[in-house]
Amino acid sequence: MSRRLCILAAVTAVVIAAASSAEATYRHIRLGHLPAPKGTPLPPEVDKILKKEFPTGKVTGHWLEEKGEMEVLVSVSGSPVIEVVFLKKGAGPWHLAGYEYPVPTASLTPKAMSTIKAKFPAAKIVEVELVFNAGWVFLGYQVTLHDGSGTHEVFLTAAGAWAKDPL
């Protein structure tokens, strides 16, 4: 019985990791953020930070988003793909802003879920990410919703308050 549970847990982890990677890629495509051309190297300061933070991690893609923002997808064994967010001001160097970590919808606190349902009663939750700052301090949830009027990205605290995305 315990062997079956171990196998089931391993299969579930692989499915969640694959779905998380696909969802992150879908999000970037949906928002019109083009991936960096294959083989494009990361800036040296970004590469150095990633090697320090994720010594066994593998970069699976990166996107330049709004001006001065880059997201790098990092695959780490046993974990969903992590989005690492970097920011840059002007011609200055890139610096680590934080992390976005995909989780199941059930990870939302009851207060956060109630807040979403009150404002978007018919919406389907497409993606939930835990948002952390550069020191891995939890800041809240980035939630992607889809309803009859389109797709929305919102940010909520664990207490269920709407907030501006801190990254």
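1. Basis of the values. The model is predicted, and local features need pLDDT of at least 70, while side-chain atom pairs count only at pLDDT 80 or more and totals for chains, interfaces and linings use all residues. Residues are numbered from 1 along each chain as its sequence is written, and side-chain values use heavy atoms, with hydrogens and water left out.

2. The largest core. A nonpolar core is here a set of buried Ala, Val, Leu, Ile, Met, Phe, Trp, Tyr and Cys residues joined through side-chain atoms within 4.5 Å, where buried means under 20% relative accessible area, exposed over 50% and partly exposed in between (1.4 Å probe, protein chains only). The largest such core has 29 residues, and L50, V84, F86 and V143 are the ones that touch the most other members. At least two residues of this core come from each of several elements, including helix 2 (44–53), strand 3 (82–87), helix 3 (110–119) and strand 7 (150–156); helices (H or I, at least four residues) and strands (E, at least two) are DSSP runs, numbered from the N terminus. Strand 5 gives the largest share of the core, 4 residues.

3. Strand 6 and its two partners. Two strands pair if DSSP finds at least two bridges between them. Strand 6 pairs in the antiparallel sense with strand 5 over 8 bridges, and also in the antiparallel sense with strand 7 over 7 bridges. E129 stands opposite Q142 of strand 6, whereas Y141 has L156 of strand 7 as its bridge partner. The hairpin of strand 5 and strand 6 has 4 residues between the strands, and W136 in that turn has a positive phi of about 65°; the hairpin of strand 6 and strand 7 has 2 residues between its strands. Strand 6 is mostly covered, with 7 of its 10 residues buried.

4. Aromatic pairs. Rings of Phe, Tyr and Trp (its six-membered ring) pair if their centres lie within 6.5 Å, and planes under 30 degrees apart count as stacked, over 60 as edge-to-face and the rest as tilted. The count by this rule is 6 aromatic pairs. The ring centres of F54 and Y99 are 6.0 Å apart with the planes at 80°, so this pair is edge-to-face. Because F54 lies in the loop between helix 2 and strand 1 (58–64) and Y99 in strand 4, the pair ties together parts that are 45 residues apart in sequence. F132 and W136 form a tilted pair, 5.1 Å centre to centre with 55° between the planes; F132 counts as buried at 13% relative accessibility, but W136, at 36%, counts as partly exposed. Ring pairs link F54, Y99, F132, W136, F138 and Y141 into a cluster.

5. Helix 3. A112, T115 and I116 are buried in helix 3. Seen down the helix axis, the buried residues of helix 3 fall within an arc of 95°, so they line one face; the arc is that of the directions from the axis to the C-beta atoms. These buried residues pack against strand 6 and strand 7, while the face turned away from the buried side carries the exposed residues P110, K111 and A118.

Notes:
Contact = heavy atoms within 4.5 Å.
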